Amino acid sequence: MAHDSTHDPEALLQDALARVATANDADALRALDREFLQKGGVVASILASIPNLPPEKRKETGQRANQLKVAIEAALLEKKSALEGASLDAERAGGDFDATLPAAREARGSLHPITQVTRELEDLFTSMGYTVLDGPEVELDWYNFEALNIPKDHPARDSQDTFYCDKDGKVVLRTHTSPVQVRAMERIKPPFRAIVPGKVFRQESTDASHEHTFHQMEGLVVGKDVSVGHLIGAMKTLLRGVFGRDIEVRLRPGYFPFVEPGFELDARCPFCKSGCSVCKQSTWIELLPCGMVHPNVLKSGGIDPEEWSGFAFGLGLSRLVMLRTKIDDVRHLLSGDLRFLEQF
Ligand SMILES: [Zn+2]
């Protein structure tokens with residue numbers, strides 16, 4: 001129906017109300033909404049005509065257009081709720097409606113297995129006096145490498161492994177949680193104990209045991225006369241917390257530029273007594289690199305290595321979650337696949 005914008009507003013309103021009253025479904029209401037209220041509709045064209053009117057008529061015409069809009073909106077809304085009520089009544093009156101059926105169950109999420117283990121470890125370590133720290137995932141080369149005793153030409157810095165974020169190679173996606181070591185030393189006066197759970201990134205082709213994004217948890221303790229004995233004690237407590245019982249551990253020498261001496265800590269396979277696929281028949285599982293903080297790293301953080309010592313460890317959180325939940329492919333963890341996630 002065409003409307004002349006000079007049409008009497010009262011007649012327009014009566015026309016609109018009559019048609020709202022006889023509309024018998026939501027589509028009809030939407031059509032009326034478009035015709036009268038939306039962009040290019042009747043009300044809009046009245047408003048658009050105002051600049052062409054004699055000045056003394058402009059104010060009144062504007063007011064009337066707005067009254068028209070408000071009245072039609074109200075009528076549409078009222079009719080819409082009446083139609084909905086009627087359709088509900090019809091459904092209830094039909095034979096299919098059973099008020100005693102249980103309501104459809106609301107789908108509820110659960111915590112990701114990595115979040116679950118992270119929270120457990122945070123509880124465990126805070127109960128031992130550790131602080132939980134955080135650090136940037138986009139990190140300066142200085143904190144990720146240089147301050148950790150890994151200079152530019154060091155063989156431990158395989159450029160293939162790193163996502164560089166700028167062309168000068170000064171900004172990287174952190175390849176481990178270790179950059180928070182020096183950040184922590186800069187901020188906190190020793191003695192202190194801290195853990196740093198978080199995401200880390202490696203530029204690599206993915207397979208069942210490699211993923212470009214995974215989770216680690218750094219641990220750092222700085223104090224007077226901190227020794228390898230303290231390190232082993234803390235690792236045993238960690239494993240007891242994770243697996244719910246005492247787990248035998250062994251230390252092997254390992255080389256990492258930011259610790260001296262450095263170790264690989266292996267745990268007795270929690271799944272078998274005489275060898276299984278998880279431990280590759282060896283009954284030992286490589287769990288985490290650790291060691292005494294290198295004096296150069298303490299110096300990078302402004303701490304005097306003559307006065308203070310410390311230990312650090314880098315727990316593979318993703319790996320630990322895989323061990324505990326017997327997940328055989330690391331790529332499941334960040335796949336976002338609900339069929340996987342709903343199992344936890
Ligand atoms: Zn085993």
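**View 1. Glu 73 sits partly exposed, with a relative accessible area of 37%.** Here, buried means under 20% relative accessible area, exposed means over 50%, and partly exposed is anything in between (1.4 Å probe, protein chains only). A quick note before we go on: this is a predicted model, so local features need pLDDT of at least 70, side-chain atom pairs count only at pLDDT 80 or more, and totals for chains, interfaces and linings use all residues. Residues are numbered from 1 along each chain as its sequence is written, and side-chain values use heavy atoms, with hydrogens and water left out. Back to Glu 73: its side chain meets that of Lys 69 in a salt bridge (3.9 Å, N to O). That term means a side-chain nitrogen of Lys or Arg within 4 Å of a carboxyl oxygen of Asp or Glu. Lys 69 is partly exposed too, at 33%. Helices (H or I, at least four residues) and strands (E, at least two) are DSSP runs, numbered from the N terminus.

**View 2. Lys 152 and Glu 146 pair up through their side chains.** Their salt bridge spans 3.8 Å from N to O. Lys 152 counts as exposed at 51% relative accessibility, while Glu 146 counts as partly exposed at 31%. In total, the structure holds 18 salt bridges.

**View 3. Strand S7 (residues 259–268) has a strand partner in S6 and another in S8.** Two strands pair if DSSP finds at least two bridges between them. Look for Leu 251, which stands opposite Leu 265 in S7. S8 (residues 284–293) is also antiparallel to S7, this time with eight bridges. Seven of the ten residues of S7 are buried, so the strand is largely enclosed by the rest of the structure.

**View 4. Arg 250, Arg 252, Asp 266 and Glu 286 are linked in a network of salt bridges.** Zoom in on Arg 252 and Asp 266, whose closest N and O atoms are 2.7 Å apart. Arg 252 lies in S6 and Asp 266 in S7, so this pair ties together parts that are 14 residues apart in sequence. Asp 266 is buried at 2% relative accessibility, whereas Arg 252 is partly exposed at 28%. Asp 266 also stands opposite Glu 286 in S8.

**View 5. Helices H1 (residues 9–22) and H2 (residues 26–36) pack with their axes 10 Å apart.** The angle is about 165 degrees; axes are lines fitted to C-alpha atoms over the stretch in contact, and angles run from 0 to 180 degrees between N-to-C directions. H1 and H2 are therefore roughly antiparallel, a label for angles over 145 degrees. Among the residues of H1 that meet H2 are Leu 12 and Val 20, and the H2 side includes Leu 29 and Phe 36; contact means heavy atoms within 4.5 Å.

View 6. Most residues other than glycine have a negative phi, and most peptide bonds are trans. Pro 190 and Pro 191 are joined by a cis bond, with omega about 5 degrees. Glu 260 to Pro 261 is cis as well, with omega near -5 degrees. Then there's Lys 280, with phi near 50 degrees, and Thr 283, with phi about 65 degrees. Lys 280 is exposed at 71%, but Thr 283 is buried at 13%.

Conventions. Angles under 35 degrees count as roughly parallel, over 145 as roughly antiparallel, 65 to 115 as roughly perpendicular and the rest as oblique.
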